[in-house]
Every structure is written in C-alpha cells, then in structure tokens.
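Please open the model in a viewer and keep the selection panel at hand.

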Amino acid sequence: MRPYFAILVDAFREALASRVLWVLLLISAIVLVGLAGFTLDEQASSTIYAGELLNPREFATALKTASERTAASPGKRVWLLFPEETQVKLSELLPKGADQDTLLLPLQTALNRLLHDRHLIDVGAWPTAVLDPEGTELLKEGPSQLSAPELARLNRLLLEAAFPRDIAPSRERELVVHYYGLEVPTGAMPPLRRDYLIRAAVGTVSSFFLGYLGLFAGIIVTSNVIPQTFEPGAVDLLLSKPVNRMGVYLSKFFGGTLFVLLNTTLLLGGMWLMVGFRHGVWIHSLVLCIPVFLFWFMVFFSISALVGLIWRNSIVAICVTIGVWGLCAVLSFVKNQVIEAMILDPARLTRIVPARGELFAATDTGQVARWNPA
C-alpha cells in the first residue's frame with residue numbers, strides 16, 4: 001500500500017506546487033469570514049415600515065389640519081416636530097393631489113426620525129390613557145431616563161395610540177439583521193422565524209457554493225490530475241515503483257477526490273461550527289452534505305478521469321464532462337416538467353373516497369373520477 005499512498009501524497013504536493021489548493025482554501029476562508037459578519041438580533045419593534053402606514057394621504061392631511069388649529073393635539077405636536085423641509089414638501093404635495101406613493105416616503109422618513117425625539121410626548125395634549133401596559137410602564141420612567149431603543153418603542157406606541165386608523169399596530173419584538181454592526185434593511189420579521197431564517201439562509205449559501213458552482217470548480221481543478229500522468233517522465237517514474245497501471249489510475253482518482261473533500265470539509269464544517277456557536281442553531285445536515293456532495297462530484301469526476309485517460313487532454317475532459325452534465329439536466333427537465341407534469345400527474349390518483357355506495361377518486365391536478373365497474 002505504501003506506493004499507492006505515495007501517489008496520493010504526490011497529488012497533494014502537485015496541488016501545493018500549483019497553488020490551486022491554497023487559492024481554494026483562501027476562497028473558503030473568505031466566504032466564512034464574510035458570513036460570520038451576519039447576526040440576527042431581537043429587539044423591541046419601533047421602526048415604521050412602508051406597509052404600516054395605512055393611508056398616507058389622509059394621515060398627512062389630518063396632521064396638516066391639526067397644525068392649523070389652536071388647540072393642542074397629537075397631530076399638531078407631530079407636525080410641529082417635523083423638519084421644516086418635510087412640512088414644506090407635504091404642504092406643496094397635498095394641494096396638488098399627489099398619489100399615495102409620493103407622500104409615503106417623506107412621511108415615513110419624518111416619522112422614523114421622530115421616534116428618537118425625547119420631546120414628542122406632551123402630557124397635556126397626548127391621550128396617554130389609551131396606552132397599553134407596555135407603553136404605560138415606559139412612560140412612568142420618563143423619556144429622559146429611557147435608552148434609545150426604549151424611547152423609540154415608547155414613541156411608536158404613542159403614535160399607534162393617537163392614530164390607530166393611520167398606523168398599523170406593531171409586534172412587541174422583531175428581528176433585525178446586522179452585518180458587522182451595520183443594520184441591513186429587511187423589514188419587520190417576527191422573532192418566531194429566527195431559526196427558520198437561519199436555516200434557510202445557510203441552505204441557500206451552501207447550495208450556491210456547493211451546488212453547480214462547487215461542482216464546476218471541482219471538475220476544472222481536478223481535470224488535469226489524470227492527463228498530467230502521461231506527461232514526459234511522469235508515468236515512467238510511477239511505473240518504476242511496484243504498482244500496476246490500474247493502481248496508478250485509481251490512486252490518482254482518489255487523490256483528486258480527497259483534494260475536493262478537504263475543501264468541502266473546510267467550508268461546510270466551518271459553516272456548521274460558525275452557525276452553531278454564533279447563532280446557537282446546530283444544522284447537522286451540513287455535515288451530512290459532505291459525503292453527499294463528494295459522491296455527486298465523484299460521479300462526474302469519473303467521467304472526467306476516463307476522458308482524460310483516453311484523450312490525455314484536460315480541456316477535452318472538461319468539455320465532455322460539462323456536456324454529460326448538461327445532458328443529465330435536460331433529461332431531468334424532460335422527466336419532471338414533461339413526463340411527470342404533463343403526462344403522469346393528470347392521471348395519477350392521490351385520493352380515493354367512498355360515498356353513497358360508489359367510489360370516487362381525485363387526481364394530482366384536482367380532477368374527479370368515478371369508478372366504473374365495467
């Protein structure tokens with residue numbers, strides 16, 4: 001076994017000499033470092049999103065009308081705290097009959113800035129009696145004593161209480177995506193979906209890097225493993241050892257396979273550890289993906305190795321392998337979208353129900369069939 005092991009070691013030495021292994025390891029490390037910056041944080045819901053402003057035109061009109069009255073009111077308080085440019089812009093757009101989308105952005109921007117204003121509350125003009133227990137507790141502490149997230153939450157609850165027909169009620173908690181400390185605008189997400197979002201994101205990333213992209217890169221990188229055996233002087237040195245030709249071929253084949261296994265293990269294993277320790281979600285299927293991807297790669301690498309053995313050219317090996325890959329994709333499309341969807345599914349029975357002494361069945365497309373004894 002020592003000669004065959006020596007061939008495997010030579011395969012890795014060739015990879016190190018060509019720096020291909022280092023490049024792939026560096027790419028895997030960059031991917032892991034890039035993914036490590038994402039965090040999902042749970043915080044009190046405060047930001048007002050576009051879909052939560054139910055009728056921007058009526059809301060802006062009500063604020064403008066309240067500002068022209070002498071009596072104190074929440075609408076007048078909000079309008080007076082708006083930036084001067086927002087007041088001017090809304091005053092110009094309302095008489096012109098601007099559509100909802102045109103009014104939405106300046107109104108939403110001004111309201112979100114107002115959430116961090118400690119002077120929004122005016123006890124004499126604000127209906128604090130309609131606040132829920134959460135808002136009442138925050139109000140007792142006083143706006144000056146609240147942290148920035150607590151102040152934004154209190155102001156959001158005040159706006160909801162004063163304008164229930166214009167601002168939709170918010171969730172108590174929401175998820176916010178941060179990338180190395182910077183907030184990523186994704187919209188309000190319920191906390192109950194945290195594990196689902198993490199698993200979906202990891203599945204998407206792993207499918208991208210180890211799907212068609214990973215297989216294509218693996219085929220290109222290993223396409224020269226077999227052809228370079230036949231370069232002048234290479235095969236003579238190998239056959240001078242106590243090995244047979246089949247042993248040389250299989251050792252080279254498994255050398256290329258182990259080369260891909262090393263990079264796959266680094267990427268998926270690193271992703272598994274990173275998500276587990278950083279987010280507390282252990283996705284064990286990531287580890288199971290390593291042998292699955294390796295088997296998928298070996299199927300196409302066997303074609304590349306066979307073509308490289310026959311024609312002794314890495315370019316031909318890549319082209320033939322991609323051609324077989326494309327043929328398999330076409331066959332899969334024909335099987336799933338033509339044979340299954342158009343021919344078999346309309347006639348496939350998915351449910352059989354007895355009713356009033358007769359037998360009825362439903363097909364996969366929703367058609368109902370009645371049993372005919374004849």
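The tour begins with the aromatic rings, of which 15 pairs are counted; rings of Phe, Tyr and Trp (its six-membered ring) pair if their centres lie within 6.5 Å, with planes under 30 degrees apart counting as stacked, over 60 as edge-to-face and the rest as tilted. This is a predicted model, in which local features need pLDDT of at least 70 and side-chain atom pairs count only at pLDDT 80 or more, while totals for chains, interfaces and linings use all residues. Residues are numbered from 1 along each chain as its sequence is written, and side-chain values use heavy atoms, with hydrogens and water left out.

**Aromatic pairs**

Select Phe208 and Phe209: their rings form an edge-to-face pair, 5.0 Å centre to centre with 85° between the planes. Phe208 is exposed at 52% relative accessibility, whereas Phe209 is partly exposed at 26%. Here buried means under 20% relative accessible area, exposed over 50% and partly exposed in between (1.4 Å probe, protein chains only).

Phe297 and Phe301 are both buried.

Then select Tyr212, Phe293, Trp296, Phe300 and Trp325 together, which ring pairs link into a cluster.

Display helix H10 (residues 212-222) and colour its buried residues, Gly214, Leu215, Gly218, Ile219 and Thr222. These residues lie on the same side of H10, because they cover an arc of only 130° around the axis; the arc is that of the directions from the helix axis to the C-beta atoms. What do the buried residues of H10 pack against? Their partners are helix H9 (194-210), H12, helix H13 (285-311) and H14, where contact means heavy atoms within 4.5 Å.

Helix H5 (residues 84-93) can be treated likewise: select Thr86, Gln87, Leu90 and Leu93, which are buried. Their arc around the axis is only 140°, so they fall on the same side of H5. The face turned away from this buried side carries the exposed residues Glu84 and Glu85. Helix H4 (74-81) and helix H6 (100-114) are included in what covers the buried residues of H5.

Select Asn263 in helix H12 (residues 245-279). Is Asn263 buried or exposed? With a relative accessible area of 10%, Asn263 is buried. Leaving aside neighbours within four places in sequence, Asn263 is in contact with Leu21, Leu24, Leu25 and Ser28.

Leu26 belongs to helix H2 (residues 20-36) and is exposed at 52% relative accessibility. A distance drawn between the C-alpha atoms of Leu26 and Asn263 gives 9.8 Å, although these residues are 237 apart along the chain.

**Salt bridges**

Side chains of opposite charge can pair when their charged atoms come close. A salt bridge is a side-chain nitrogen of Lys or Arg within 4 Å of a carboxyl oxygen of Asp or Glu, and 10 are counted by this rule.

Select Arg173 and Glu42, which meet in a salt bridge at 3.6 Å, N to O. This pair links distant parts of the chain, with Arg173 in strand E2 (residues 173-179) and Glu42 in strand E1 (residues 38-44), 131 residues apart. Arg173 is partly exposed at 34%, as is Glu42 at 44%.

Asp195 and Arg194 form another salt bridge, their closest N and O atoms being 3.9 Å apart. Both ends are partly exposed, Asp195 at 41% and Arg194 at 22%.

Glu340 and Arg348 meet at 3.0 Å, N to O; Glu340 is buried at 18%, while Arg348 is partly exposed at 33%. Salt bridges with shared partners also join Glu52, Arg156 and Glu160 into one network.

**A nonpolar surface patch**

Finally, show the surface of Val330, Phe333, Val334, Val338, Ile339, Met342, Ile343 and Leu344, a nonpolar patch with about 710 Å² of accessible area together. Such patches are made of residues with over 30% relative accessible area and no salt bridge, like charges being joined within 9 Å and nonpolar side chains (Val, Leu, Ile, Met, Phe, Trp, Tyr) within 5 Å. Accessible areas come from the Shrake-Rupley method with a 1.4 Å probe, and for residues only the protein chains shown count as cover.

How values were computed
Helix = DSSP H or I, 4+ residues; strand = E, 2+ residues; numbered from the N terminus.
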